[in-house]
Amino acid sequence: MTDVKLNKKIFSVETDSHELVKLAYDAYLANSRSSHAKTLKRGEVRGGGKKPWRQKGTGRARFGSTRNPIWRHGGVAFGRTGEENFTKKLSKSAKLQAVRQALSMQNKAKKIDIIPDFIAKTGKTKDAIKELKLDYSKNYLVVIPEKTDQILRATRNIANLKVVRPTYLNVFDILNADQIIITETSLPVLETWLIRKETK
């Protein structure tokens, strides 16, 4: 780790509560959720067109269809339609503040390393592992200003590593990383995104 003075407005944010971070974390999971489950309503289940027995005189309850929701193999009342919307919205300022708080939490826990640069010149996985000094027992988040073909080729087969650009940082990835590696060239981009954009 190089001796770089980190911006306190990003990496040393004081907060009394982590409620905003939790909201951003939950919103990320909710927005990643897709609605595939679908149940059949009584009108969509095959069969049931014939009245099971006559209306009166049998001593049994009246029924018009065997596809009634209370019958076995019947339709489902108030079931999933496949069109549910699980998304949760946060304002842009709230998202940025949540990212700042999450980075501050990880910095306080000494889980952020600053390196001069990450180039992956050879494009080989083993060389990238040596360059970043990775430990297979940890999950890593690497922040770089731009993704090059060499970096993508060198890191795509490393299961416990995710490479992102500064403006694509989110609370979920930050908190789930055992170690966050940020290049010095990414810091100006990060400051522009999290501070100057906020003050406009």
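This is a predicted model: local features need pLDDT of at least 70, side-chain atom pairs count only at pLDDT 80 or more; totals for chains, interfaces and linings use all residues.

Modeller: Residues are numbered from 1 along each chain as its sequence is written, and side-chain values use heavy atoms, with hydrogens and water left out.

Colleague: Why is α2 called roughly perpendicular to α3?

Modeller: Helix α2 (residues 19-31) and helix α3 (residues 92-108) pack at an angle of about 110°, with axes 9 Å apart. Angles of 65 to 115 degrees count as roughly perpendicular, so α2 is roughly perpendicular to α3.

Colleague: Why is R33 called partly exposed?

Modeller: Buried means under 20% relative accessible area, exposed over 50%, and partly exposed in between (1.4 Å probe, protein chains only). R33 has a relative accessible area of 46%, and is therefore partly exposed. R33 lies in the loop between α2 and α3 and touches R80 and F86, not counting residues up to four places away in sequence.

Colleague: What makes strand β4 largely enclosed by the rest of the structure?

Modeller: Five of the five residues of β4 (residues 179-183) are buried, so the strand is largely enclosed. Q179, I181 and T183 cover one side, and I180 and I182 the other.

Colleague: How do you know that β1 pairs with β4?

Modeller: Two strands pair if DSSP finds at least two bridges between them. Four bridges join β1 (residues 112-115) to β4, and the two run parallel. In β4, I181 is the bridge partner of D113.

Notes: Axes are lines fitted to C-alpha atoms, for helices over the stretch in contact, and angles run from 0 to 180 degrees between N-to-C directions. Angles under 35 degrees count as roughly parallel, over 145 as roughly antiparallel, 65 to 115 as roughly perpendicular and the rest as oblique. Contact means heavy atoms within 4.5 Å.
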